[in-house]
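Dear colleague,

Please find below the structure that I am handing over to you.

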Amino acid sequence: MRLRTVAAMTATTMLGAGAAAVAAGRYASGFALKPNRDGMEPEPPLTVHAADDTRVTLTRTLASARPGVYGLTGDGVHAQVGEITSTAPDSVTRRLRHIQRGALKQGAAVRLTPQVYTGDPREALGLDFSEVQVPGELGSLPAWFIPGARDVWVITAHGLGTTREHPLVVVPALHRRRIPVLDITYRNDPGAPRSPDGIAHLGDTEWRDLDAGMRYAVRHGARRLVLYGWSIGATMALRAADHSPLHNRVSGLVLDSPVLDWRSTVREAAANHGVPAPLLPLGVRAAEGRTGLHAARLTDSADPARLRVPTLIFHGPDDTLAPWAPSRRLAESRPDLVSLQTVTEAPHAAMWNRDPDRYEEALRRFLTPLV
């Protein structure tokens, strides 16, 4: 009896430990597979110390002291802030470019975001657009179409934890070049169909919604396509350029902060939300089990030998979510096709924010021969 009791207790303990490991893995993987609106790399909350028509003073942190142009968002407010005008031991004062919604009140909690604009293209940018419905395999996908005179379309794909509002930062530069833009949603986005399991697959299934956007563009007059993605959206662009039946229509890729090593991104997303280091491998294994991904999956589309079209990458060493070393290796392996614009002092998916003028000039030079 005593031996059987010990065996039963041991088995129960092992089952309990196994269940705890599974639960911990699901919890850790969730920050990448089911991110909230704060994204996979949340910025720390800031307090508004003071604000007037031209300046706003915020809590001093590494995030608030970054150079560049950012959105500033909180409960009922969205503003755009620019360069730092002064600093103090506990605060940073930045130029207030525009308040799009609400008011910046003293004591309000806000956060910096790469999403500079909120609302649709007319509300955010004053540009005419159409709300269109792209037929996808899971249902209708809402998209914004900003018209242009050219027959080469840019199709934009945002990253996980953001929305189609994020790509609006580059729409004015594309509009000045008279390039039509199709800014898509994809599965699990607000207003878009839910995936069967309700979780992200880090581009492995989502790329098919980008492919649906490609088919829509060709049906409506696009002769050639440039796929433009941020983060997981960049993974989707690589995947679509490799696997889509319309890949021959793709004349170029623009990849901002591309996720080329999904396992590192799962680990970092969990770590950014405070998951202890010993649990991070469990998160990766859980992500593999929940999505069917394996180590080489997704990365095959970033194989230098499979790249067919000119590719512009914006990435830098301060991206802690998607390591930039794979971007650097891809550029070094295919100098005939890949141009890497190294951006320093910029977090994930904020390469435009660091220096919009420099970013847009690189984009202009890249697109000129393609359109």
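Among contacts in the protein chain between residues at least 6 apart in sequence, 74% join residues that are at least 24 apart. Please bear in mind that this is a predicted model.

As for the chain as a whole, 10 helices and 14 strands make up its list of secondary-structure elements. The radius of gyration is 22 Å, close to the 21 Å that the globule rule gives for 371 residues, so the protein chain is as compact as a globular protein of that length. Taken along the principal axes, the box filled by the C-alpha atoms is roughly 85 × 55 × 40 Å.

With regard to burial and surface, 53% of the 371 residues count as buried. The protein chain exposes about 15,700 Å², and carbon and sulfur atoms supply 53% of that area.

Helix 4 covers residues 207-219 and helix 5 covers residues 232-243. Their axes come within 9 Å and cross at roughly 65 degrees, and the crossing is right-handed. On the side of helix 4, the residues in contact are Trp207, Leu210 and Met214; helix 5 contributes Met236, Ala237, Arg239, Ala240 and His243. Sorted by class, this contact has 6 nonpolar residues, 1 polar and 1 charged.

Yours sincerely

Methods. Residues are numbered from 1 along each chain as its sequence is written. This is a predicted model: local features need pLDDT of at least 70, side-chain atom pairs count only at pLDDT 80 or more; totals for chains, interfaces and linings use all residues. Side-chain values use heavy atoms; hydrogens and water are left out. Axes are lines fitted to C-alpha atoms, for helices over the stretch in contact, and angles run from 0 to 180 degrees between N-to-C directions. Helices (H or I, at least four residues) and strands (E, at least two) are DSSP runs, numbered from the N terminus. A crossing is left-handed if the near helix is turned anticlockwise from the far one by less than a right angle, and right-handed if clockwise. Contact means heavy atoms within 4.5 Å. Ala, Val, Leu, Ile, Met, Phe, Trp, Tyr, Cys and Pro count as nonpolar, Asp, Glu, Lys and Arg as charged, and the others, Gly among them, as polar. The radius of gyration is taken over C-alpha atoms; the globule rule is 2.2 Å times the number of residues to the power 0.38. Buried means under 20% relative accessible area, exposed over 50%, partly exposed in between (1.4 Å probe, protein chains only). Accessible areas come from the Shrake-Rupley method with a 1.4 Å probe; for residues, only the protein chains shown count as cover.
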